[in-house]
Amino acid sequence: MLLIAFVVHTSFAQEKTITGTVSAEGLPLPGVNILIKGTTSGTQTDFDGNYSIQASPGQILVFTYIGMTTMEMEVGEGNSINVSMTEDAQALDEVIIVGYGTQSKRKLTDNVAKLTSDDISEIPTPGLQNSLSGKAAGVQVTQTNGKVEGGINIRIRGVASIGAGAEPLYVLDGVPLINDNESSTDAPTNPLITLSSNEIESIDILKDASASAIYGSRGANGVVLITTKKGKQGKGTFALNMSHGISRPTNKREWLNADEYIELFTEAAINTYGQEEGTARAEGMFDDLSSGTDWRNREVSTDWQDLALQNGYVTDADLSLSGGNEKTNYFFSGAYHDTKGIIRGNEMERVTARVNLTHQLSDKFRTGANISFSRTEIDRIANDNAFVTPMQAIAQSPLSPAFLDNGDPNPSTLYSNFLLQDKHAFFNTVIRRVTGRAFGEYQFLPFLKFNSDFGYDLYYQTEDSYTGRLAPFQSTNGEAFVSSLGTESYVFSNYLTFTKNIADIHDIEVVAGMEYNNSNRRFESVTGIEFPSDDFQSISSAAEITGGGGERSRNTFLSYFARATYSLHDKYLFKASIRRDGSSRFGKDKQFGTFSSLSAGWILSEENFLAGFDALSFLKLRASWGQTGNANIGNYAWWSLYEAISYNQRPGISPIQAENPFLTWEKVEQYDIGLEYGFWNNRISGEIDYYVKDSDGLILENPLPMTSGRDFITRNVGLIQNKGVEFVLNTRNIVKDDFTWNTSINLSKNKNEVKELPDDGADIITGENIIREGKPLNAFYLIEYAGVDPDNGDALFYTNTTNPDGSLSKETTTNPNEANRIVTGQPFADWIGGLTNTILYKGIDFSFTFQGEWGASIYNAGGVYQSANGDYWDNQSRDQLRRWQQPGDITDVPQARLFGSNGVTQSTRYLQEADFIRLRNLTLGYTLPESAIEKIGLSKLRVYFTGFNVLTITGYDGYDPEARSDAGSTAAGRGIDFYSAPAASTYSIGFNINF
Amino acid sequence: MKKFKTYGLIAFLFGAIISCEKELDIEPIQEIPQEVALSSSENIVNLLTGAYESAGNIDAYGGRLQMLSDLYGFTDQATWVGTFQQPRQVFSKNILVNNSFIRDFWGNAYSTINMANLVIDHIDIVEPDLQKSVMGQALFLRALSYFDLVRFFGANYEPGAQNTQPGVPLSLKGITDYDTDLTIARSSVEEVYAQVISDLQEAYELLKSPNSYFAGKYTTKALLARVYLQQGNYQGALQAASEVITDSKYKLTPSFEGAFNNDVNSTEDIFAIQITSQDGTNDLITHYADQPFGGRGGDIVVEETYIDLFDDENDERAGFFYISDYNGGTLTSKYTNQFGNVPVIRLAEMYLIRAECNLRLGSETGDSPLNDVNTIRQRAGAAPRAAVTLDDILLERELELAFEGFLIHDLKRTQRSVGELPYNDNRLLYPIPQREMDVNSLLEQNPGYGN
């Protein structure tokens, strides 16, 4: 008994209460884990950063906090240990947002690319996604064309879908964002144009299935997690940023001037109609085109391209206020963005505001809310396939004056003069968006936390348009179209997080929860004609209402999910996740699906056998497997549907969709093996990944014989595979106090191949694209242009009939109907890469990003009009002057023949590779020394110059190697250019002030 | 106890979500499923209206079908000056297999046919007193569509011969299940004509006249006259046309002008596609009219060669043109009302069919060929003829019916050449659309269009 008492006494005698404060950057840090090394006893700091723990001298306290360097302090004689933690400088210990939680990059077993506000801010472009371009391996960002609001395509590790959406899921602070194109014109708009980059802290792109499987049936195209800024404890900081820049098109093309136009078309008419009649026809047409001006003396030589394209500008201004105390953190921001596009009549203005608040109610209960709203107003122009869209002005004859003497647009041009549309019509879109989230977090027990989030996203859009009497094609005394659309989505998520560290050996985290997502869409529109005069332009002034529409639709998702991560000795890492999703979008028997993933990692650099390699600072091997789904198929795709129609204002019904009760999500299965490395104290670091991504049960609009009355049925058929490698290399070339130079290179190769198709592998052909087994998705399928017969100037095509030995006959024919189509070229790049350099020298910062893409081709569907050796009166690209003129001429442009259809059909003549390297952005800034600005009460003053799309190196002859047609929502995925505007090249100057 | 509360709260929250599961069953809001559409009398009648709407689509009788028939026949009478390539190919008689106007005509025709078939298949559930009318109209729409399909895609019908040349696929059952083999081969021209005639005869027995702007008894008879004429069955055409003229209530409009640009059917419209400002598109306006009338400015310009065909300057038809502000070309005045109906069968055609058949057969059923021709001429203010020959009647058709979709079919049935091309040249036959060849292995391409 005595002995026991003694022992007990002894232990009590040695143990004492240690108290202290943990801080970072001079501010108390709450929630720091403190553990006595080698035991299971530990505690956390409270919201004042204070802690108290029983420990004995000689024991070691381990302080850990995500994003901070772990610190160990030995208990000595004193009773107080204050710790000042520092941010972990090693890139490999970044905090990665993974959905329903965070993880350290070091212990991550997934492939996630992280971008921070430094990577994306200050880039003068209206679309946030544009600023991601070239920054992450395997992530391709393409803006459809140079319209400011233009749709944006992001492809993460290749195209994984044909008929369902191929866009990733965007999640903003836990709220899945509405990302449906809601344009009432044919040209898509970018629904995320409403986001402003100034309020964004980080963007985490979940690339492999192990990472995205937690998003189940919506994770197949990857997930983009956007995290907004939060206030940090301390005195409030104002940050002001303003910039203004000018834009111009990245490229202009050469078109015939009046001289050349007359020369080519006189020749073309003579070749078709003979000397006398041909000359007369040509001159007659020149008389018409020149509208009474003296074309013989070249009185007019209009450059229509210069009228369609203009110099624009971009203005940005944003202000934020952030700060906090031990209980409350706040972040307020407001931003203004104004773009005048490079295409006449195309403008955009946006105002955004955000409030992020968190409050620690008690030491167990934390709550908060994020609310943002924005208003985006866009002056739009017609889609690329409309005669009145500015870019189609390049088809006008240079002989036609653009304006009459009185300054009004000339109404008698070859095609309707877009300047009339520009002057007498408008199409205005306003998008209001409110996105918010309220959340609570309750720490039941040190190891058990409960989170409940309610998120809401409202996308409310109105469109107003009026086409006045003098606009082209206007015959009804004015026409107005107005629409109103509201889509709201709310998401309710609840999950528990269990965290346990056992004896510093086992580190376990389990997350389990459920989520319910409900989305409602409502659309209304009214069309009216007959206005008293053009002074009246609102729909209420229409004497006759000719159309009205209303649509409603809904979808719901119900999900259960769980994720467990386990690490052993901080070396052996394991993760498993599962999600069960149900959706209203699928047939009754196919409503639920389960998506799971497994991954493992091994930090080799922690092993003793590598301890001798001093140069090696980090080495991790990881492998993952996972399943995801793609539910982007529209709300009622499986039903057989009839819609109401009207004939002579009498109601009727009409079938619109063939039934498929088995329709379900596309299933994507992805394997990934990756290696993360760091050498010489991570002066050189990076990742190498290899992945195979199989998309099965692809949702396809399967063409049917139209003799059945329908042209397609939506089916889950087919398999495509994307496989590839990704390399990331980050180097810190110079690391000195006042001089650092970092380089980041990413390069990825993706091979896309259609593996299986329905109906015994039958080809699926849409226009100039084919889906064929063994070929890349939507490869081009065209008859093959064989050049020009030197004897007579005829355009030739290869017949490409199959010889008995299986080869293709390279005999030529002048009749395109006798030529067989071949598969040639693909619309997607297979190599993409980016190179970013950041140099900081004293107060100067300099950074630039090069981006390149290789392997894609673009088909110029407008070529049959633009480069048609004088087939019709459209102005021709200047290269048509190379036409065949006399026997023996060797050229690739056939003899000019007016209405002769000489080589003027869709063929490989208009297909071209579109490899490019682009200096995507460049920033040069100078921060004034603090000593110089303290006097005027500032804590930071920086001035900068920045450029976007500064330089393009390409062999492509069209406008822009990235521009694709926006006419028809699927055109972009098929690599088609049709009078598509080039991107904007912008140069801005600006400043940042903090105080 | 505290733990109890904790877990209770969690269970409650999760339970709230589980109860959401019924929220996964969501029905479409503004459409109806097929089983509802095909289960009530009301909806079958609605579907018939849908079939009219489909037939009136721009791809077919809303205008393109008529426009392309004329463009295919024009050489020097009118010129396609528009920018669209598809009609230009038809005008130049160099059609490519991927011509989308032709593809869409094919697709639209079969869509109309399938709707008509669905109506016919479900006729039993239609209210008994509506059954005959609904059935008759569905048969009429099916016959109309097949007749134009076979005229464009099948080689010319040769009177007295075995017309075994490929026509078009004959689909006579409504398709509701699309998860089956839907390939189908072309039937012969003879079989397609036989089906058209049998449908029209059956419809004639079922329908009453008039039937508002829908197909009635004499609409089917008038179409039958047109079909027989195309076949060279002059006796049949004569009987049918004469019956329409004498027995129906249709009357020629007092003026030639009055036959066109009508918001509601004129007294002479035996069948017309209904266009209003709220539904339907008159595509003849799009391509024939100047911009103030809602057109593209005049894609089809009338040449002097056509105007010179008129031999009487008082002939209202000789001056039924205007000059386009947009391109300075001469445009027909037949299409100047953007929301006007598109005539498909006018009574004037019946007079000209009767005249031609009587003349060919040496008969005077109904009236003499001379009187019938002069009826048409006098209505337009043209001097009556003293005597008529077959050529006079064929000329009169061109004067009266130009730009209404007759030319190529008239040239072919009378075996006249089109410019330098003989009437039976391969180039005067539409190609089977490439898109259709790609998905239906049983289809045979027309000669001259590769394989």
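# Notebook: two chains, one predicted model

**Entry 1: where the chains meet.** I started with the interface and found that 68 residues of chain B are in contact with 68 residues of chain A. I remind myself that this is a predicted model. Next I asked which elements of chain B supply at least two residues each to the side that touches chain A. My list has helix 1 (2–18), strand 1 (31–33), helix 2 (34–37), helix 3 (41–55), helix 6 (100–121) and helix 17 (434–439). Helix 3 of chain B gives the most, with 8 residues. I also looked up the residue types on this side of chain B: 30 are nonpolar, 29 are polar and 9 are charged.

Entry 2: I then followed strand 1 of chain B over to chain A. Strand 31 (residues 641–647) of chain A is joined to strand 1 of chain B by 3 bridges, and the two run antiparallel. A reminder for myself: strands of a sheet pair through backbone hydrogen bonds, which may be parallel or antiparallel.

**Entry 3: chain B as a whole.** I noted 17 helices and 7 strands in chain B. Its C-alpha trace spans about 115 × 50 × 45 Å along the principal axes. Of its 451 residues, 56% count as buried. I looked at contacts in chain B with a separation of 6 or more, and 67% of them come from residues 24 or more positions apart.

I also checked the record for chain B. An unreviewed UniProt entry places the annotation "domain: SusD-like N-terminal" on residues 24–229. In the model, this span is 56% helix and 3% strand, and its end C-alpha atoms lie 59 Å apart.

**Entry 4: one residue, B:Ala225.** Is B:Ala225 buried or exposed? B:Ala225 counts as buried because it has 30 C-beta neighbours inside 10 Å, and 20 or more are enough for that label.

Which residues does B:Ala225 touch, leaving out those up to four places away in sequence? I wrote down B:Ala237, B:Ala240, B:Ala241, B:Val244, B:Met350 and B:Ile353. I also looked up B:Arg354, which is 129 residues from B:Ala225 along the chain. The C-alpha atoms of these two residues are separated by 8.9 Å.

**Entry 5: the domains of chain A.** I turned to chain A, where the domain assignment gives domain 1 (2–88) and domain 2 (128–250 + 309–784 + 819–861 + 906–994). The C-alpha centres of domain 1 and domain 2 of chain A lie 46 Å apart. Their contact takes 11 residues from domain 1 and 11 residues from domain 2. On the domain 1 side of that contact, I noted 5 nonpolar, 3 polar and 3 charged residues.

**Entry 6: a sheet in chain A.** My last stop was an open sheet of 5 strands in chain A, with the order 11-16-17-14-15 and mixed pairing. Which strands are at the edges? They are strand 11 (112–116) and strand 15 (175–176) of chain A, each pairing on one side only. Further in, I looked at strand 16 (residues 200–206) and strand 17 (residues 223–228) of chain A, which run antiparallel and are joined by 6 bridges. In strand 17, A:Thr228 is the bridge partner of A:Ile200.

Conventions. Residues numbered from 1 in each chain as written. Chains lettered and ligands numbered in written order. Predicted model: local features only at pLDDT ≥ 70, side-chain atom pairs only at ≥ 80, totals over all residues. Contact = placed C-beta atoms within 7 Å. Helix = DSSP H or I, 4+ residues; strand = E, 2+ residues; numbered from the N terminus. Nonpolar A, V, L, I, M, F, W, Y, C, P; charged D, E, K, R; others polar. Pairing = 2+ DSSP bridges. Buried ≥ 20, exposed ≤ 12 C-beta atoms within 10 Å, placed from the backbone. Domains from an automatic or database assignment. UniProt positions renumbered as here; feature names shortened; annotations may be inferred.
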